[in-house]
Amino acid sequence: MKLIVQYFEWYLDKNDNLWKKVVEETPLLKRLGVTDVWLPPAYKGKKGSDDSGYGVYDLYDLGEFDQKGSIRTKYGTREEYLDAISSLQASGINVLADVVLNHKLGADYTEAVLADRYDEEERSQVLERVNIDAWTGFDFKKRNNKYSDFKWNKQHFTSVDYDQLNEQSGLYKFVDKEWSNNIDEELENYDYLMGADVDFNDDEVINEYLNWGKWYLEVAPVNGFRLDAIKHIDFDFFPLWLKALRQNKELFVVGEYWSSDVRALENYLMESEYTMQLFDVALHYNLYDASLLKADYDLRDIFKNTLVLNQPEYAVTFVDNHDTQTGQSLESMVLPWFREIANALILLRNGGIPCVFYLDLYDDNIQKLMELRSLKSKTVYDYFDDPECIGFSYNCNQGLTVLISNGEARFKKMFVGRHHAQKVFIDQLGNCDEEVIINEKGIGVFKVEAQSVSVYSLKGNEDD
Ligand code: CA
């Protein structure tokens with residue numbers, strides 16, 4: 001049963017030395033039943049050791065070359081990264097590498113180019129045509145052609161957000177370049193996201209990314225990828241890229257298509273030929289809304305219009321990530337009171353593969369939820385019958401019964417199986433003290449406290 005952990009958050013201190021911490025924490029991750037660990041981008045970003053990795057400068061510099069002010073990245077050196085991968089894999093845990101191909105930042109030099117400046121919110125509107133100096137030249141002199149002699153220049157990009165000549169910010173698309181028309185239609189055309197936008201209709205780019213992907217898997221033998229910003233990359237690219245890389249290796253892949261509209265997610269799955277899973281961004285926003293609205297949110301709708309409901313085989317469910325944190329680009333952090341509930345909703349359902357966020361990983365009760373996940377069985381009974389209180393129960397050996405309230409404390413009768421008659425269930429999270437005795441019909445009357453979650457199973461679990 002797959003269980004992913006996102007093992008980083010935005011505000012990590014570089015002195016935390018994440019790659020070393022991964023090695024130290026491998027036993028914990030193993031104990032919690034984690035099968036896959038998503039690690040942050042491992043290559044050198046524009047801000048060197050202060051860069052989260054999403055401001056990609058050099059995809060071949062995994063903390064090895066003195067570029068952008070340091071040898072190491074925010075998370076450590078190349079050797080430490082490879083040690084982290086080895087440590088996880090030696091414990092049977094898969095590693096997912098974060099792949100950021102949409103854009104590059106921190107170019108080494110500018111190039112003169114004729115560009116049209118566009119309305120950033122309405123990307124069919126040209127505001128002016130202007131000669132600019134664009135930061136599009138990457139020569140990686142300090143790497144000195146090791147691993148690759150590919151150099152990036154303006155031929156490989158469509159657009160930038162800054163004109164050095166006039167010292168002006170704006171959305172500048174090069175006159176001889178087009179944005180992809182096989183792309184998300186938000187803002188009319190959402191090809192451009194940030195930095196120097198890579199042109200996925202350029203053959204040299206495609207070839208270079210194929211080469212880089214093969215190189216990466218040789219150097220860092222990860223088991224799969226988390227693909228960044230796929231909403232802003234030509235929809236034809238990843239099926240092609242993944243097909244090439246999967247010739248030699250099975251890869252688990254989850255894409256970040258940031259849209260709360262489940263139809264957009266399903267459309268991408270179709271367009272990309274079901275070559276990957278997608279994060280269930282629609283569910284994230286349901287969880288977020290539920291945390292904001294408290295008892296005014298109808299809990300029966302918590303899975304409404306989500307990927308995990310419509311396409312459970314392709315959904316990776318999550319509560320939050322590094323982008324939804326306070327102060328970040330997609331700020332929408334599920335409120336603290338709802339985090340235990342939200343994690344129960346991703347960890348203890350059959351649909352979707354859950355991805356637990358670093359900031360939740362060290363919470364005692366969320367760790368318990370991760371461990372309780374293994375008790376699930378196929379047969380589940382849903383009790384989505386009260387706007388303020390929902391429950392679900394598995395007919396399984398140890399019993400597993402989940403009850404959630406976003407209003408007052410509640411009781412609910414739920415079926416756990418006749419084989420549990422006369423047995424005692426307790427709330428494994430410790431949120432409710434009352435023991436529940438199952439009746440001869442296999443039914444118990446379970447309690448949840450106000451705005452809380454309780455997860456019941458057999459008292460004196462034989463495995464303990
Ligand atoms: Ca793009």
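**Ground rules.** I work with a predicted model, in which local features need pLDDT of at least 70 and side-chain atom pairs count only at pLDDT 80 or more, while totals for chains, interfaces and linings use all residues. Residues are numbered from 1 along each chain as its sequence is written, and side-chain values use heavy atoms, with hydrogens and water left out.

**Calcium site.** I looked up which atoms hold the calcium ion, and found Asn102 (OD1), Asp191 (O), Asp191 (OD), Asp197 (OD) and His232 (O), at 2.3 to 2.4 Å. Donors here are N, O and S atoms within 2.8 Å of the metal (3.2 Å for Na, K and Ca), and the site may look incomplete because water is not among the atoms. Asn102 sits in the loop between strand E5 (94-99) and strand E6 (103-104), and Asp191 in the loop between strand E10 (168-174) and strand E11 (196-198), so the pair ties together parts that are 89 residues apart in sequence. Strands are DSSP runs (E) of at least two residues, numbered from the N terminus. I noted that Asn102 and Asp191 are both buried, where buried means under 20% relative accessible area with a 1.4 Å probe and protein chains only.

**Cavity.** I then found one cavity of 30 Å³ or more, a cavity being a set of points on a 1 Å grid over the protein atoms alone where a 1.4 Å probe fits but cannot get out. Its lining, made of residues with an atom within 4 Å of a point, includes Asp191 and His232, both of which also coordinate the calcium ion. Domain 1 (4-100 + 204-375) and domain 2 (104-201) both give residues to this lining, so the cavity lies between them; the bounds come from an automatic or database domain assignment.

**Pockets.** A pocket is an open set of points with protein on both sides within 12 Å along at least five of seven lines. The largest pocket has a volume of about 550 Å³, and among its 26 lining residues Tyr54, Leu193, Met194, Asp323 and Ser329 are the closest to its centre. I also saw that domain 1 and domain 2 each supply at least three residues to this lining. The second largest pocket holds about 330 Å³ of space and is lined by 13 residues, with Val308, Pro312, Asn350, Gly351 and Gly352 nearest its centre.

Technical notes: Points joined across faces, edges and corners; volume = space filled by probe spheres on them. Helix = DSSP H or I, 4+ residues; strand = E, 2+ residues; numbered from the N terminus. Buried < 20%, exposed > 50% of the residue type's maximum accessible area, 1.4 Å probe, protein only.
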